[in-house]
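Biologist: Please put the model up. I would like to go through its strands, helices and rings with you.

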Amino acid sequence: MVEPRANKVVEQTQICPTAPSDRRRSRTLSLPLTFLDLPLAGPIYVRRQFFYHFPHTTHHFSETTLPTLKRSLSLTLQHFFPLAGNLLCPPPPNKPFILCNDDDSVTLTIIESSGDFKHLSANHPKSLKDLDHLVPKLTFTTMHDDTFIFPLLALQASVFPNHGICIAITYCHVMDDSCCSHFMKSWSSICRTNGVDLTFLENSPPCFDREVLKDPNGLEAIFLRDYFEARSTWKDKLIGQSGGDEDYVKATIVFGREDIEGMKRWVLNHWKKSDKFNTPQYLSKFVVTCAFVWSSLVKTRYRDDDENEEIKEEYFRFAADCRDRLEYLIPETYFGNCLTLCHATLKRKDLKGEDGFVNAVKVIEREVTDMKNEPFKDAENWRASFTKMFVLGSTLLVTGSPKFTVYETDFGFGRPTKVEMVHSFKGMSLAESGDKEGGLEVGLVFRTTEFEYFNSIIEQGLEALRS
């Protein structure tokens, strides 16, 4: 195992949103959360890294690139001003909300890393601890009345002298991945043109209108109750949280277009053999790739566990963007969470068996079909089902999506050589392939002894699809 590399802090600065020219007095703004924000409000963070080739010294970066990064970030935050604010979570019965003041800012940390850029930006396994050093941390505070205060955003640029740069974002989940992609592409677009061209942002400004989301089924009351139940556990969890002692590695599996098309053909052939009257409605690349990985992962992690497979359940949990799935129009640039939460369930034996891949496709495809027909089906039971997943079985949580085209985030260094997400052992990250058109990148976290076996399962599975 490679030891975590030393990192030297070069600078830590606070970046304030550029004040609009028409502002004549200070302001304090409160942005309420919607019913779809409540299930994700609190200490729930997303961490993403963008690696770029940058064959220059740290001094060169500080003198030429950093001023542009700062100025473009300030200009971007003028339009995404809530991100400089804080999430305030007062005690019941008060609802959480975002508070923004004129003197709010975002922390930008610059470090110089002695790590191996080529190693850390590759697909092969690398230490999760090493990756963790490259993402900024967000820390909470509490007020005297037991109100939690969570900064919404932190950013970090790690320079690997004469090799590369990693720009990383950590954000509180009061915005979803679609918002993060919009923010990062806005910032990178302004940076790429040295603040001269604001066309991207002017053509697609973020929408903060809370009235665009409707709650005809009264879910807010249910989600608020669940939020207060979760909030009651935060103090103990936040005070006692630690990174753990176990070593994990993060690796990326890349599936090309031909691999994915082979999965679809295989599934259709086997589906017809067992049920020729009911063909799948949504046999997408998401469905088949996730099913293939899920079944392979269960075969890996429980290859020696035969005792519980008859009763143990495996859960596959994913979120779906609802901006274009509701009966009314949601702006593409809506700022907040516009997600529905879905999960598929299978007995462990049905995933480990010979038909594990097809079985996984069937349950995931059914969930996708139900979600498209009724986006918030069973939403009142989201918290109860999530709790059940972690108590009674093991869960794989999907984060990211190929639809966000993260490899188009260009700060002026060209396309990223690698886009990474730092997540837990229970996570699975998805992105479009940076190298293979029409392909997918799947990021997974493994115990150090697992990856080789998992990779052999994947290779055997792909070989079977080709035969």
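Biologist: In which sense do strand β17 and strand β18 pair?

Modeller: This is a predicted model. Strand β17 covers residues 427-432, and strand β18 covers residues 440-447. Across the pair, L430 stands opposite V442 in β18. Five bridges join the two strands, and their sense is antiparallel.

Biologist: Which are the edge strands of the open sheet?

Modeller: Seven strands form the sheet, and the pairing is mixed. Their order is β7-β12-β18-β17-β15-β13-β14. An edge strand here pairs on one side only, which leaves β7 (126-127) and β14 (339-347).

Biologist: At about what angle does helix α9 run to β18?

Modeller: Helix α9 takes in residues 285-301. It lies across β12, β13, β14, β15, β17 and β18. Its angle to β18 is about 20°.

Biologist: And helix α12: about what angle does its direction make with that of β15?

Modeller: Helix α12, residues 382-392, also packs on the sheet. It touches β13, β14 and β15. With the direction of β15 it makes about 120°.

Biologist: How many nonpolar residues does the contact of α9 with α13 have?

Modeller: The crossing is right-handed. On the α9 side, the contact includes F292, V293 and L297. On the α13 side, Y453, F454 and I457 are among the residues. By class there are three polar residues, one charged, and the nonpolar count is nine.

Biologist: Is the aromatic pair of F208 and F335 stacked, edge-to-face or tilted?

Modeller: The structure holds 31 aromatic pairs, and this is one of them. F208 sits in the loop between α5 and α6, while F335 sits in the loop between β13 and β14, 127 residues apart. The ring centres are 5.2 Å apart, with 55° between the planes. Under 30 degrees would be stacked and over 60 edge-to-face, so the rest are tilted.

Biologist: In β9, which residue is the bridge partner of L87?

Modeller: Strand β4 (residues 86-89) pairs with strand β5 (residues 97-101) in the antiparallel sense over three bridges. There, L88 has F97 as its partner. Four bridges join β4 to strand β9, residues 148-151, again antiparallel. In β9, the partner of L87 is F150.

How values were computed. Residues numbered from 1 in each chain as written. Predicted model: local features only at pLDDT ≥ 70, side-chain atom pairs only at ≥ 80, totals over all residues. Heavy atoms only, no water. Pairing = 2+ DSSP bridges. Contact = heavy atoms within 4.5 Å. Axes fitted to C-alpha atoms, helices over the stretch in contact; angles between N-to-C directions. Left-handed = near helix turned anticlockwise from the far one by under 90°. Nonpolar A, V, L, I, M, F, W, Y, C, P; charged D, E, K, R; others polar. Phe/Tyr/Trp six-rings, centres within 6.5 Å; stacked < 30°, edge-to-face > 60°.
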